[in-house]
Amino acid sequence: MEPEQASRMTAVEPAQAIKPFRFSTSLVLQEATGLRAARLSVLAQILRTVPDSCIYHHTHYFLLSHHYLTPEPSNDFAYWIGEVLGEEALGERLASLDIIEYTDLGTLRQRLVDVIEDYLKRTPAARFKFASEGEEFFFVKSVHVVMPTAYTAATLEEFADALERVSVRSLYFHVFDAPLRLGRRTNDFSLWLEQLGYPELAREIAALDPYSYTLEMLRSSMLSLVRQTLSR
Amino acid sequence: MSLLADYEALVGSSTIAELRALAGRLAGKQVLMISSTRAGGGVAEILNRMAPLFQELGLDVRWDVMEGGLSFFKVTKKFHNALHGQRAAIRQEMFELFLQVGRANMHKMALDREIIFVHDPQPITLVEARGRHPASRWIWRCHIDLSRPKQRVWEFLRPFILKFDAAVYSHPAFVQQMPMRQVLVAPSIDPLSDKNRELPMEEIRAVLARLEIPQDLPIVTQVSRFDRLKDPIGVIEAYRKVRRTVKCRLVLAGGPATDDPEGEAVLSEVREAAGNDPLIRLLMLPPNSDVEINALQRASAVVVQKSLREGFGLTVSEALWKARPVVASAVGGIPLQVKHRYSGLLVHSVEGAAFAIKQLLNNPSYAKHLGENGKEHVRGHFLLTRHLADYLLTFISLDYTTDTIVLN
């Protein structure tokens, strides 16, 4: 049971939630598209046509797959352009895109294409950079299998306990998948906390930039905000 | 006794809980695995380890082996080489024999399970019998490198592949554009096998003493058979460049490539290149030297995999699982296992390899950091439990065409 789109909340006092929060998890199956690019112009061209789940995969899967690394490597496009093609300036531009500012994958896709094409206009020599065979950019898409977990929370205390225990895949689902793939206006935790009567905590959690933390660091930051609220 | 419980300490309880929850959706599902051999080779090894885990997870998994005589397997070996892009003399009667053996097996096998999971090209023509039980879903699992197949064999197999509901590959480079779901499932290592399990320090020391490898200097190791594609001579050249400024030992460990007519020639070239350098040790290990390889990898300061081509290169995951810093070529599946400068160093030349080995030997704390990151990467992506989860997800995905599958 996922939280409904939150209605406008005016209550600021803690209250018992109507619907307990059910933590879900999302397991990712990687699906190949058979599409590949060895140079930037082809990358941009293919980027225009691949499914949204492909854009999502290459800008998000690394967060899940390298969640233990500090600092985290950059998204797949930035990593390939910087490390394989050796176009570090463009790699840096793509790595520094604030993905949190994009509320839909279509806009993010357009921005990626624009940045690459703008760079190619200003740096014509970059057109001649080729990845060698086997090091091309391979387009992959994510198939997400979403399942409920055994963890639920009806109060903020229970929420803190569960948040501490759920897998990083569950955290990833509620923070990244919910807004960008499922079209919710913010992360699932904030939506539910608003309903529970903690609008300030909901705002604080929504204000964390999840792209600049590892998943475990994100979990600790959220937990410490929740615990501060509990101790007030 | 729970086998899965043994993995829990290594991958975490939430991962095992998710695996069980996923399998719960497939409880009692009848799956038939079909391969061409029950012993020997990577496919048989992985199925032997997986089958009891699938059973514990509640799936009704059976594993059948197709029958084929020596002449059939000679043909499939030639097909295998051609699919790998090597030149192979293929004659028309080979295709005919291939079809004939497929048909003979089709008559003997029931092929009535809910999921028929066919491994590699040998049993691929069995899919012709799918009309017998229309409700069965068919999956083709390709374990080989199809990035540069010889067209004649590829075009022969293609119509059969197209009859499957899904195909599974180890690496995106092996995938051609096809209409069915094409899933990526990397191979895996078993952390509880003799090759990968924890070893006490005394056991490591004892193995090294038995192999006559002193531990007085940092050890640089490459484990792989003596095959030109593994570039053992390149490793020796890189080591010599390192030795100009850093003292270390080099160990090249592997078995002879018995099915490779060039095996002996390569070995004598390697012996010649090693000369009488007392710090180079060439080890010809017999099959089943898993504990020796484990100890050797654990005792190494740097593990190298300087291949010129690789199918997947799982020796890299074996080394990373032991938190060893790795220097490896960016070929085959190696870039999936190593993120350059995060979980190891990727190289493209002898010079690059020498430079990377020196960096790691001279900066033990950086080397340690890379090794630890590498271990975490393997924990998440290249252990048997992830492999199982991917297969379960593949089975579930057969009933959907969407990119998001919500199981309530």
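The legends below describe close-up views of the domain and chain interfaces in a predicted model.

Local features require pLDDT of at least 70 and side-chain atom pairs count only at pLDDT 80 or more, whereas totals for chains, interfaces and linings use all residues. Residues are numbered from 1 along each chain as its sequence is written, chains are lettered from A and ligands numbered from 1 in the order in which they are written, and side-chain values use heavy atoms, with hydrogens and water left out.

**View 1. The two domains of chain A.** Chain A is divided into domain 1 (29-140) and domain 2 (153-231), with bounds that come from an automatic or database domain assignment. Taken over C-alpha atoms, the centres of these domains of chain A are separated by 28 Å. Their contact (heavy atoms within 4.5 Å) involves 17 residues from domain 1 of chain A and 15 residues from domain 2 of chain A.

**View 2. The interface between domain 1 and domain 2 of chain A.** About 1400 Å² is buried between the two domains of chain A, and carbon and sulfur atoms give 68% of this area. Buried area is the accessible area (1.4 Å probe) that two parts lose on being put together, summed over both. On the side of domain 1 of chain A that touches domain 2 of chain A, helix H2 (residues 52-65) of chain A gives the most, with 6 residues. Helices (H or I, at least four residues) and strands (E, at least two) are DSSP runs, numbered from the N terminus.

**View 3. The interface between domain 1 and domain 2 of chain B.** Chain B comprises domain 1 (4-188 + 384-397) and domain 2 (201-381) in the domain assignment, and their C-alpha centres lie 31 Å apart. These domains of chain B bury about 1000 Å² between them, 54% of it on carbon and sulfur atoms. B:Leu10, B:His171 and B:Pro187 supply 35% of the area that domain 1 of chain B buries against domain 2 of chain B, more than any other three residues. The interface holds 1 salt bridge. B:Asp145 and B:Arg309 form a salt bridge whose closest N and O atoms are 3.1 Å apart.

**View 4. The interface between chain B and chain A.** In this view, 39 residues of chain B are in contact with 40 residues of chain A. The area buried between the chains is about 3500 Å², with 57% from carbon and sulfur atoms. A:Glu83 and B:Arg341 meet through their side chains in a salt bridge (3.0 Å, N to O).

**View 5. Strand pairing between the chains.** Strand S2 (residues 137-153) of chain A is joined to S13(B) by 3 bridges, and the two run parallel. Two strands pair if DSSP finds at least two bridges between them. A:Val145 has B:Ile405 as its bridge partner in S13(B).

Definitions and conventions:
Salt bridge = Lys/Arg side-chain N within 4 Å of Asp/Glu carboxyl O.
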